[in-house]
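Subject: Structure for your review

Dear colleague,

Please find below the structure that I am handing over to you. A description of what was found in it comes after the sequence and coordinates.

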Amino acid sequence: MEMTFRWYGKGFDTVELWQIRQIPGVTGVITTLYDTTPGEVWKPEKIRALKNEVEEAGLHIAGIESVNVCDAIKIGSPDCEQYIDNYIETLENLGKEDIHLVCYNFMPVFDWTRTELARKRPDGSTVLAYTQAAVDALDPEKMFESIAGDANGAILPGWEPERMARVRELFGMYAGIDNEKLFANLTHFLERIMPVCNKYDIKMAIHPDDPAWSVFGLPRIIINQENILRLMKAVDDVHNGVTFCSGSYGTNLENDLPGMIRALKGRIHFAHVRNLKFNSPDDFEESAHLSSDGTFDMYEIMKALYETGFNGPIRPDHGRMIWGEKAMPGYGLYDRALGATYLNGLWEAIDKAAKRNR
Ligand SMILES: [Mn+2]
């Protein structure tokens with residue numbers, strides 16, 4: 001396991017590389033070219049410049065989150081083959097720069113969905129939250145406007161204003177796409193990219209849909225153990241793998257998180273580990289990483305990763321906004337640094353206990 005930290009790049013992230021370098025045990029960053037649009041080929045010079053910048057700060061690029069998949073590929077529209085070719089070219093350029101992990105998702109229209117970006121908790125911290133009642137009452141075209149005001153001026157990943165201006169058009173484009181069609185398009189995409197992934201040993205790691213159910217009637221497929229195992233079998237190559245995000249699969253309390261980790265042994269290439277606090281099955285907020293602050297048993301999650309031989313990057317995921325920090329919601333420095341330290345502590349304890357009992 002390598003402890004890592006997500007970084008959006010200079011000019012997009014309030015957190016700086018030198019700060020990440022000072023978090024104990026964090027050696028890598030998970031980053032992206034935030035100013036590229038889905039479908040665009042990533043230029044080798046830009047990848048190299050990003051890599052140099054990270055390495056000059058004493059860190060390294062442990063993976064890319066994300067190379068976004070454009071709507072044409074998800075929909076399977078006539079120009080999708082050209083966009084898959086572009087994606088392959090991007091993977092090739094990443095592989096040549098010795099980058100071997102790519103996180104992506106296959107969610108239509110909306111990336112992750114929350115109904116509040118700054119819900120206040122009893123300790124005065126603010127967190128992202130979701131309540132189904134608010135989604136049911138909302139016009140999807142107003143979704144962006146309703147949350148944008150709490151974003152501290154940041155551009156939210158997956159919620160870029162240009163994209164949100166096209167919400168109506170995007171809904172129309174997905175009109176004929178049900179879960180089966182989306183699954184077929186995902187399988188086709190993976191089959192097409194596997195040769196380049198094999199050539200450069202690039203592990204693709206699909207991020208689950210968040211929340212793990214359909215919102216606004218759109219198809220959602222990466223939501224539970226059955227579906228993710230189906231995808232692993234459909235393209236049975238180790239380079240077709242998973243980002244295990246406890247906070248996303250965990251939105252559905254029926255998902256047994258440690259059990260899923262065990263079922264996915266060998267195919268989890270990247271882990272997002274965070275906790276949620278449920279007030280009811282359809283109202284949750286993002287708590288501190290600590291088990292006792294939320295609903296999940298973080299020890300059991302880390303233990304399942306340890307026992308299945310997980311050796312990829314882990315990162316703390318969304319953090320609370322604490323100590324007066326102003327940052328992109330979920331992506332401040334302080335609470336995620338606390339999360340990294342806590343997860344490192346769990347791992348050390350699990351590792352030492354395992355070695356002593358051997
Ligand atoms: Mn995640």
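The notes below go through strands, helix packing and backbone geometry in turn.

Please bear in mind throughout that this is a predicted model.

I begin with strand S8, which covers residues 240–245. Of its 6 residues, 6 are buried, so the rest of the structure largely encloses this strand.

S8 has a parallel partner in strand S7 (residues 203–206), and 3 bridges connect the two. Within this pairing, Ala205 stands opposite Gly241 of S8. S7 and S8 also belong, together with helix H10 (residues 225–234), to a β-α-β unit, and that unit is right-handed.

S8 is likewise joined to strand S9 (residues 268–273), in this case by 4 bridges, and the two strands run parallel.

**The antiparallel sheet**

An open sheet is formed by 4 strands, in the order S5-S6-S11-S10, with antiparallel pairing. Its edges are strand S5 (116–120) and strand S10 (276–280), each of which pairs on one side only. From one strand to the next, the twist averages 35 degrees.

Inside this sheet, strand S6 (residues 126–131) and strand S11 (residues 283–286) run antiparallel and are joined by 3 bridges. Tyr130 is the residue that stands opposite Phe284 of S11.

**The packing of H4 and H9**

Helix H4 (residues 80–96) packs with helix H9 (residues 179–200) at an angle of about 20 degrees, and their axes are 10 Å apart. This angle makes H4 roughly parallel to H9, because angles under 35 degrees count as roughly parallel. The crossing of H4 past H9 is right-handed. On the H4 side, the contact is made by Ile84, Tyr87, Ile88, Leu91, Glu92 and Gly95. On the H9 side, the contributors are Phe189, Arg192, Ile193, Val196, Cys197, Lys199 and Tyr200.

**Backbone geometry in the loops**

Two cis peptide bonds may be of interest to you. One runs from Glu65 to Ser66, with omega near 0 degrees. Ser66 sits in the loop between strand S3 (60–65) and helix H3 (71–75). Another cis peptide bond joins Asp210 and Pro211, where omega is about 0 degrees. Pro211 is located in the loop between S7 and H10, and these two elements are part of the β-α-β unit described above.

Asp98 is found in the loop that lies between H4 and strand S4 (101–104). It counts as exposed, with 11 C-beta neighbours inside 10 Å, because the cut-off for exposure is 12 or fewer.

Asp201 occupies the loop between H9 and S7. With 12 other C-beta atoms within 10 Å, Asp201 is exposed.

Yours sincerely

Conventions. Residues are numbered from 1 along each chain as its sequence is written. This is a predicted model: local features need pLDDT of at least 70, side-chain atom pairs count only at pLDDT 80 or more; totals for chains, interfaces and linings use all residues. A residue is buried if 20 or more other C-beta atoms lie within 10 Å of its own, exposed if 12 or fewer, and partly exposed in between; C-beta atoms are placed from the backbone. Two strands pair if DSSP finds at least two bridges between them. A crossover is right-handed if, with the strands pointing away from the viewer, the path from the first strand over the helix to the second runs clockwise. Axes are lines fitted to C-alpha atoms, for helices over the stretch in contact, and angles run from 0 to 180 degrees between N-to-C directions. Angles under 35 degrees count as roughly parallel, over 145 as roughly antiparallel, 65 to 115 as roughly perpendicular and the rest as oblique. A crossing is left-handed if the near helix is turned anticlockwise from the far one by less than a right angle, and right-handed if clockwise. Two residues are in contact if their C-beta atoms, placed from the backbone, lie within 7 Å.
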